[in-house]
Amino acid sequence: MPPPPLRHRLGTAPLRKPSAGMTRMSKARAKADKDNPVFQDIARFRALIFDRLLKPHDLTMSQGWVLVHLLRENGLSQSELANRLEIATVTTGKLIDRLEERGFVERRPHPEDRRAKLVFATDLAKPAVKFLTRCIGEVDKIAFAGMSDEDVAFMRDRLDLVRENLLKACNRG
């Protein structure tokens, strides 16, 4: 069955369902949230918003990343995809199965290894990745509201450095 048309609209439902009778966060709750690790909160909130945007199209962010990698380099093996996504091969296989059921990818025999199959994006993958890209822009717009372009550029530059530092530390281990 072909996927639904790729349109999105951010829902109006709150990220957290307030408990009965609660109209706003208490000061104690607000302080507790301020004490949470900021990177984990940002990642969690972005994931919640992405899920809301992608859910009507029965896509997940992980499935989207599979398609992104295949559009960058089509014809990868399951293990190559797993390495690039930094997830288990079994998990990658399940993502590929789901995408194949929906017609986004197809498996083809490997020309040199008859035991292996290569994964190829179909024509349906391009509009899905374009939709995913629009969703990323929408989430960024929400996340960076109230910040100047210069503030966003400076923050991205600093976060790139943080990422590089952490990657170096990971590679040392």
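1. Helices here are DSSP runs (H or I, at least four residues), numbered from the N terminus. This is a predicted model, in which local features need pLDDT of at least 70 and side-chain atom pairs count only at pLDDT 80 or more, while totals for chains, interfaces and linings use all residues. Residues are numbered from 1 along each chain as its sequence is written, and side-chain values use heavy atoms, with hydrogens and water left out.

2. How many cavities of 30 Å³ or more does a search of the whole structure find? There is one. On a 1 Å grid over the protein atoms alone, a cavity is a set of points where a 1.4 Å probe fits but cannot get out, and lining residues have an atom within 4 Å of a point. The largest cavity holds about 40 Å³ of space; a volume is the space filled by probe spheres set on the points, which are joined across faces, edges and corners.

3. Around the largest cavity you will find Leu54, Leu59, Thr60, Gly64, Leu67, Ala128, Val129 and Leu132. Two elements, helix 3 (61-72) and helix 6 (125-143), each give two or more residues to this lining. By class the lining has six nonpolar, two polar and no charged residues. Ala, Val, Leu, Ile, Met, Phe, Trp, Tyr, Cys and Pro count as nonpolar, Asp, Glu, Lys and Arg as charged, and the others, Gly among them, as polar.

4. Those helices also pack on each other: the axes of helix 3 and helix 6 lie 10 Å apart at an angle of about 120 degrees. That angle makes helix 3 oblique to helix 6. Axes are lines fitted to C-alpha atoms, for helices over the stretch in contact, and angles run from 0 to 180 degrees between N-to-C directions. Angles under 35 degrees count as roughly parallel, over 145 as roughly antiparallel, 65 to 115 as roughly perpendicular and the rest as oblique.

5. Which residues make this contact (heavy atoms within 4.5 Å)? Helix 3 brings Met61, Gly64, Trp65, Leu67, Val68 and Leu71, and helix 6 brings Ala125, Lys126, Ala128, Val129, Leu132 and Ile136. Ten of the contact residues are nonpolar, one is polar and one is charged.

6. Helix 3 packs with helix 5 (residues 89-101) as well, at about 85 degrees with the axes 10 Å apart. The two are therefore roughly perpendicular. Ser62, Gln63, Val66 and Leu67 of helix 3 touch Leu95, Arg98 and Leu99 of helix 5.

7. Helix 5 packs with helix 4 too, at an angle of about 110 degrees and with axes 9 Å apart. This makes helix 4 roughly perpendicular to helix 5. The contact of helix 4 with helix 5 has four nonpolar, five polar and no charged residues.

8. Finally, have a look at the largest pocket, with about 1,300 Å³ of space. A pocket is an open set of points with protein on both sides within 12 Å along at least five of seven lines. Of its 24 lining residues, Ile42, Ala43, Arg46, Leu159 and Arg163 are closest to the centre. The lining divides into 17 nonpolar, no polar and seven charged residues.

Technical notes. Contact means heavy atoms within 4.5 Å.
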